[in-house]
Amino acid sequence: MATTDADPWFQTLFADRMGGANYGKGTEIYKFEKIKRAKRAALAAYPDRQLLDFGIGENDDMAPAQVREALKREVDRLENRGYADNGIQAYKDAVAEFMQREFQVSLNPTTEIVHAIGSKPAYAMMPAVFVNPGDVTLMTVPGYPVAGTHTRYYGGEVHRLPLLAENGFFPDLKGIPADIRKRAKLLVLNYPNSPTGKVATRDFYKQAIEFAHENQVIIVQDAAHIMLSYDDQPLSFLQVDGAKDVGVEVHSMSKGFNMIGWRLGWVCGHAKIVQAFADVKDNSDSGQFMAIQHAAAAALRDPQIPLQVRAKYKRRLAKLVAALKQVGFEASMPGGTYFLYVKSPVAAGDRSFANAEAASQFLITEQSVCCVPWDDAGPFLRFSVTYMAATEAEEDALMAETVSRLGKLQLRFA
Ligand SMILES: Cc1ncc(COP(=O)(O)O)c(C=O)c1O
């Protein structure tokens, strides 16, 4: 009888992209698994100490009641039972109205908008549209890696564009080497940026559009956090002249509408790219449940929803900025997202940290304070304000506890 650790008969059949015959044998532990393990260890060591969890990157609220009511109604309609394929017109119409209302961007709902089952699958599919072996996708780091992973699956390469504090968390497009520019087909941007919290300027988007023309590159702008913009009105890439000529923007119902588990988003912009994406999509899935698309259309038509979500996270971020400053962090209000990205401490008392990961492990282990380290472009910690707290008083108590625990550690910064 085979033991559980024996290789299955198909061990040698795994594709190279999965690690080939070595699939499942690596010993490397990935960042999020390390965090999970440290959280478990902290809970086991201090069962009575509350875990202060700033590590979660998901909205803490469910979708608003009127959206859930809309779903309940739509679920009972016979006409919503079937395959949605590339999406229903009612949702695309609501998206077009939303883009007009929020950003004064006019889109043809039939040809310039297509839904996706969340924006994550859109990034998984977009490389299929453009990437041949040897082609390059330009990706900002730190960032959301899915388009890069799939670029590699298709035999393409990823060129990383670090988002450095000294460049204001914008990529240095001019510094991209000539041979990379030549082979580049996709430039994936993400503003408001996760995790840095930076929002784009019109000027930056203009430079990106020029870069796209000069180098014959398609821009895919990830707008997942767009409704969480705090300084000004949210800025869509498509508001900038010429954007639609060079690319698409990918939106999500997840963050701005508290619909993270509902799995819905859309790709909009250049009709030919939208069409090609829809072709790949049609060969990959059969569309999101129509009842969900109808409920999302109702959400998009209610301008109050993203305003309320934004106000809550803005308030929580302001409180967190104040709290972290008290214990020595250099923190200021981010332009967008529900993340606060701060320089990681180099030491706590006489204990020094080699990188942000070491610092974050220390915070979890010593004080059950969980956050996410990023070491891709300098050592930074990402604190999310998506923690569970039912009232403002609970938020305040959580902040006081955070200050008290981190204050004990004598954190030192470079
Ligand atoms: C920057 C960014 N893009 C895209 C996504 C994917 O969002 P969804 O698939 O829920 O639309 C996320 C989710 O965490 C994100 O942070």
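Which residue in β15 is the bridge partner of Ala347?

What we have here is a predicted model, in which local features need pLDDT of at least 70 and side-chain atom pairs count only at pLDDT 80 or more, while totals for chains, interfaces and linings use all residues. Residues are numbered from 1 along each chain as its sequence is written.

To the opening question, then: Ala347 has Arg412 of β15 as its bridge partner. Strand β10, residues 347–348, pairs with β15 in the antiparallel sense over two bridges, where strands are DSSP runs (E, at least two residues, numbered from the N terminus) and pairing requires that DSSP finds at least two bridges between them. These belong to an open, antiparallel sheet of three strands in the order β11-β10-β15, with β11 (351–352) and β15 (411–412) as the edge strands, each pairing on one side only.

Turning to the domains, whose bounds come from an automatic or database domain assignment, domain 1 covers 29–58 + 305–412 and domain 2 covers 65–302. Their contact (C-beta atoms, placed from the backbone, within 7 Å) takes 21 residues from domain 1 and 25 residues from domain 2. On the domain 1 side, α11 (304–326) and β9 (339–343) are the elements that give two or more residues, and α11, a helix (a DSSP run of H or I, at least four residues), provides the largest share, six residues.

Finally, 13 residues surround the ligand, the closest being Gly118, Ser119, Lys120, Ser252 and Ser254, where near means a C-beta atom, placed from the backbone, within 6 Å.

Key. Two residues are in contact if their C-beta atoms, placed from the backbone, lie within 7 Å.
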